[in-house]
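Here is a short report on a ligand and the pocket around it. Look at the structure first, then read on.

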Amino acid sequence: MNAIERLAVLRAEALACTACRLAETRTQVVFGVGDPEADLMFIGEAPGRNEDLQGEPFVGAAGKLLTQLLSEIGLERSDVYIANVVKCRPPGNRDPRPDEIDACKPFLRGQLELIDPRVVVTLGNFATKLLLRTETGITRLRGHVYAWWRGKHLIPTYHPAAALRGGERVLAAMRDDFALVRQTLDAPPEPPPEPEPVHEPAPAEPRQLGLFG
Ligand code: URA
């Protein structure tokens with residue numbers, strides 16, 4: 001089975017998932033959408049009301065802004081992959097709870113492994129703090145590229161809903177972050193590591209970062 005087929009299997013598993021309490025209140029599982037071979041993947045927090053009804057991430061007003069910002073760097077939604085940390089809507093749009101995040105983690109991990117994007121953009125405080133494993137807020141973290149899990153570049157930016165609430169300042173910062181995304185995508189891929197010398201002892205196993213830091 002190739003990666004695209006395995007992603008379809010993972011999606012089918014997610015659609016049938018009852019691993020946490022969100023299964024009881026969801027209308028639909030919102031697995032993710034876009035190019036299964038994308039170089040760029042967006043990760044938000046969790047589906048909201050519109051997403052729960054339509055089964056697709058970022059379809060409300062925040063999603064429209066995301067689509068607009070993408071078009072400004074020459075991309076369409078179908079060029080990228082869009083998903084959330086948690087695949088089912090928390091009731092009343094509350095923050096996902098730790099056990100819900102844990103229950104959903106195999107799906108996000110599988111998406112990252114199978115799509116294998118070079119660049120990951122976290123949208124908003126929640127996804128950014130979780131994936132970078134930090135308490136530092138988005139306002140301080142954004143504007144930079146971070147070396148992340150399995151050689152990926154992580155670029156944090158505001159949640160588009162924050163730009164809708166916060167006006168021009170937040171929107172201008174998001175435009176800068178999207179320009180950084182464009183620049184990072186356009187940069188040549190890192191050269192492969194030097195081959196190990198044959199006669200020296202193998203180095204100690206490097207510490208493998210977990211998905212959440
Ligand atoms: N907010 C999110 O974090 N994700 C969505 O899919 C929609 C709104």
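The lining of the largest pocket divides into 13 nonpolar, 9 polar and 5 charged residues. Ala, Val, Leu, Ile, Met, Phe, Trp, Tyr, Cys and Pro count as nonpolar, Asp, Glu, Lys and Arg as charged, and the others, Gly among them, as polar. This is a predicted model: local features need pLDDT of at least 70, side-chain atom pairs count only at pLDDT 80 or more, and totals for chains, interfaces and linings use all residues. Residues are numbered from 1 along each chain as its sequence is written, and side-chain values use heavy atoms, with hydrogens and water left out.

A pocket here is an open set of points on a 1 Å grid over the protein atoms alone, where a 1.4 Å probe fits, with protein on both sides within 12 Å along at least five of seven lines; lining residues have an atom within 4 Å of a point. In total, 27 residues line the largest pocket, and Glu 45, Ala 46, Gly 48, His 159 and Ala 161 lie nearest its centre. Helices H3 (49-54), H4 (61-72), H6 (125-132) and H8 (160-166) each give two or more residues to this lining.

The ligand takes the space of the largest pocket (more than half of its atoms lie within 2 Å of the grid points). Around the ligand are Gly 44, Glu 45, Ala 46, Glu 51, Pro 57, Phe 58, Asn 84 and His 159 (a heavy atom within 4 Å).

The table gives polar contacts, pairs of N or O atoms within 3.5 Å.

| Residue | Protein atom | Ligand atom | Distance |
|---|---|---|---|
| Glu 45 | polar backbone atom | oxygen | 2.8 Å |
| Ala 46 | backbone N or O atom | nitrogen | 3.0 Å |
| Asn 84 | polar side-chain atom | nitrogen | 2.8 Å |

Methods. A polar contact is a pair of N or O atoms within 3.5 Å; within protein, one must be able to donate a hydrogen and the other to accept it, and residues adjacent in sequence count only if both atoms are side-chain atoms. Helices (H or I, at least four residues) and strands (E, at least two) are DSSP runs, numbered from the N terminus.
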